[in-house]
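Subject: Structure handover

Hello,

Here is the structure I promised you. Please open it first, then read the notes below with the model on screen.

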Amino acid sequence: MGSDNSFDCTAEMEKFLCERLLDQSQPIPERFRALFSLRNLKGSRPREALIQVTRDSSNLLAHEAAFALGQMQDIEAVPALEEVLKDLSLHSIVRHEAAEALGAIGLDSVVSLLRNTLIEDPALEVQETCELALRRITEQKNNGDDGASSKASPFLSVDPAMPASLDCSIHQLREVLLNDEKSMYERYAALFALRNQGDTAAVRLIVESLGARSALLRHEVAYVLGQLQHKMAASALADILRNVDEHPMVRHEAAEALGSIADGESIGLLKQFANDPEPLVSQSCEVALSMLDFERAGMSFEYLFMKQPGQIQ
């Protein structure tokens with residue numbers, strides 16, 4: 001279950017990573033590095049550290065912790081994720097990620113909560129995420145493990161929807177993705193099919209869908225463009241980052257995607273918006289720039305933590 005990018009980790013290193021993640025005196029990029037390493041581990045200590053961070057004062061870090069628990073598909077995390085989803089005092093981006101994580105884990109026991117939240121939640125992005133999670137659980141049950149594995153993401157991510165059929169033409173996928181009347185799950189399925197196709201025509205269509213009405217869909221489109229790292233998307237993503245009226249969750253994903261593309265203009269924008277008044281945006285830019293610094297130095301952003309704790313600067 002979860003990512004195949006696991007690595008051997010001593011008990012000392014695991015303890016260090018958890019302490020670094022939970023240490024609020026550390027810069028956000030340093031805590032992210034610990035989080036990215038911990039999501040490749042299993043066991044109670046990493047799980048409990050990530051659960052604790054879902055209520056961190058940094059909404060960016062909190063939502064990333066919920067995302068990590070979903071990617072790990074850790075059944076033991078379900079009760080905590082349910083509590084996060086129900087807690088209206090938390091930022092909607094964190095609660096949205098908790099709902100998505102519950103869908104990724106896929107237990108029948110969460111269906112009732114997801115249905116109630118879909119109807120009653122005040123945040124549209126959370127409602128739409130619950131719609132996605134419910135459909136994903138149904139699809140997983142209908143397809144069984146074999147059906148799920150046959151549509152595994154080439155990006156090693158646990159996606160909130162299974163990609164549409166390979167038999168669909170790009171014109172059919174366009175009709176679904178750009179149609180505001182289609183269900184969110186169908187539009188996500190079209191998006192992931194186009195991502196997996198990944199050619200220039202597919203990327204052009206994905207960029208076009210950044211104009212969708214749904215902020216949730218726009219944020220996922222930006223996330224997918226970050227996975228694809230196609231320079232064709234840079235200009236549209238830059239426009240989103242510059243748009244202070246755009247939903248913060250969309251701007252945050254645009255910033256991270258620009259960090260993945262990493263051309264000169266994108267890096268300049270990240271430096272500029274590292275001072276944005278919206279913390280979700282400024283912290284996303286900080287993390288993206290930190291990742292780029294490690295890549296330039298020929299090091300992995302997270303796996304540098306595989307060194308002994310005393311060697312880490």
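One term first: contact means heavy atoms within 4.5 Å. Keep in mind too that this is a predicted model.

Leaving out residues up to four places away in sequence, Glu220 touches Glu100, Pro160, Tyr188, Leu191 and Phe192. Glu220 sits in helix H12. Is Glu220 buried or exposed? Its relative accessibility is 3%, so Glu220 counts as buried.

Now look at His219. His219 also lies in helix H12, which covers residues 215–228. Its relative accessibility is 4%, so His219 is buried. Set aside residues up to four places away in sequence, and His219 touches His96, Tyr188, Met249, Val250 and Glu253. Find Tyr188 on your screen: Glu220 touches it, and His219 touches it. The His219 side chain reaches the backbone oxygen of Leu216 at 2.6 Å.

Why pick these two? UniProt, in an unreviewed entry, lists His219, Glu220, His252 and Glu253 under "binding site". These residues are spread over 35 residues of sequence, yet they cluster in space. The largest C-alpha distance is 10.9 Å.

Next, helix H11. This helix runs over residues 200–208. Which of its residues are buried? They are Ala202, Val203, Leu205, Ile206 and Val207. What do they pack against? Their partners are helix H9 (170–177), helix H10 (184–197), H12 and helix H13 (234–242).

Then the core. The largest nonpolar core holds 102 residues. Those with the most contacts inside it are Leu21, Leu81, Leu85, Leu114, Leu225 and Leu237. Take Leu114 as an example. Not counting residues up to four places away in sequence, Leu114 touches Leu85, Ala99, Cys130, Ala133, Leu134 and Ile137.

Last, a residue in a loop. Asp56 lies between helix H3 (44–53) and helix H4 (59–72). Asp56 has a relative accessible area of 9%, so this residue is buried. Which residues does Asp56 contact, beyond its neighbours within four places in sequence? They are Gln24, Arg31, Leu61 and Ala62. With Gln24 there is a polar contact: the two side chains are joined at 3.2 Å.

Best wishes

How values were computed
Residues are numbered from 1 along each chain as its sequence is written. This is a predicted model: local features need pLDDT of at least 70, side-chain atom pairs count only at pLDDT 80 or more; totals for chains, interfaces and linings use all residues. Side-chain values use heavy atoms; hydrogens and water are left out. A nonpolar core is a set of buried Ala, Val, Leu, Ile, Met, Phe, Trp, Tyr and Cys residues joined through side-chain atoms within 4.5 Å. Buried means under 20% relative accessible area, exposed over 50%, partly exposed in between (1.4 Å probe, protein chains only). UniProt positions are given in the numbering used here, feature names are shortened, and annotations may be inferred rather than shown by experiment. Helices (H or I, at least four residues) and strands (E, at least two) are DSSP runs, numbered from the N terminus. A polar contact is a pair of N or O atoms within 3.5 Å; within protein, one must be able to donate a hydrogen and the other to accept it, and residues adjacent in sequence count only if both atoms are side-chain atoms.
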